[in-house]
Amino acid sequence: MAIIACPECGKKISSRAAICSYCGFQRGEVSEQDLEIFRARRLRDRIYHLNMASYLAITLFVGAFGWYWWDSQGFVQAPSPGPFILMGVAATGYLVLRALLFRSRQQRKELIRKAGPNRDLRRNL
Ligand SMILES: [Zn+2]
């Protein structure tokens, strides 16, 4: 097995891979199963990234709350609008990310259901 560069995205892939696992570029014959595995991997990566982004949104919210506390001198004075804007952005971002995550998880459930006993596919879910 050799490592080659994908002709489409240039990332390193196996010379035996019928489909680039990064961009989905199809090299020669691609079976329906190869495509399913590619979609499954894509979905798995997407769920991972959405999770990471939602943690980032929580961190941002906690940071904004800290800013609010600091700016209001321990909730004594009225703070500047900055912390509230950041809290709002972080909370909205978090909700949007959770909605996208929910949808991706539903799609994964559907893939798992369809995969049934297909071990090659299940390994990638
Ligand atoms: Zn590629």
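A crossing of two helices is called left-handed if the near helix is turned anticlockwise from the far one by less than a right angle, and right-handed if clockwise. This is a predicted model, in which local features need pLDDT of at least 70, side-chain atom pairs count only at pLDDT 80 or more, and totals for chains, interfaces and linings use all residues. Numbering runs from 1 along each chain as its sequence is written.

α1 passes α2 in a left-handed crossing. By class, their contact has 23 nonpolar, six polar and five charged residues. (Ala, Val, Leu, Ile, Met, Phe, Trp, Tyr, Cys and Pro count as nonpolar, Asp, Glu, Lys and Arg as charged, and the others, Gly among them, as polar.)

(The expected span is 1.5 Å times one less than the number of residues.) Step just past α2 to glycine 116, where phi is positive, about 55°.

Next, pick glutamate 29, in the loop between β2 (12-14) and α1 (32-71). Is glutamate 29 buried or exposed? It counts as exposed, because it has 7 C-beta neighbours inside 10 Å. (Buried takes 20 or more other C-beta atoms within 10 Å, exposed 12 or fewer, partly exposed lies in between; C-beta atoms are placed from the backbone.)

Last, colour by pLDDT, the predictor's confidence in each residue, from 0 to 100. The protein chain averages 91.

Note on methods
Helices (H or I, at least four residues) and strands (E, at least two) are DSSP runs, numbered from the N terminus.
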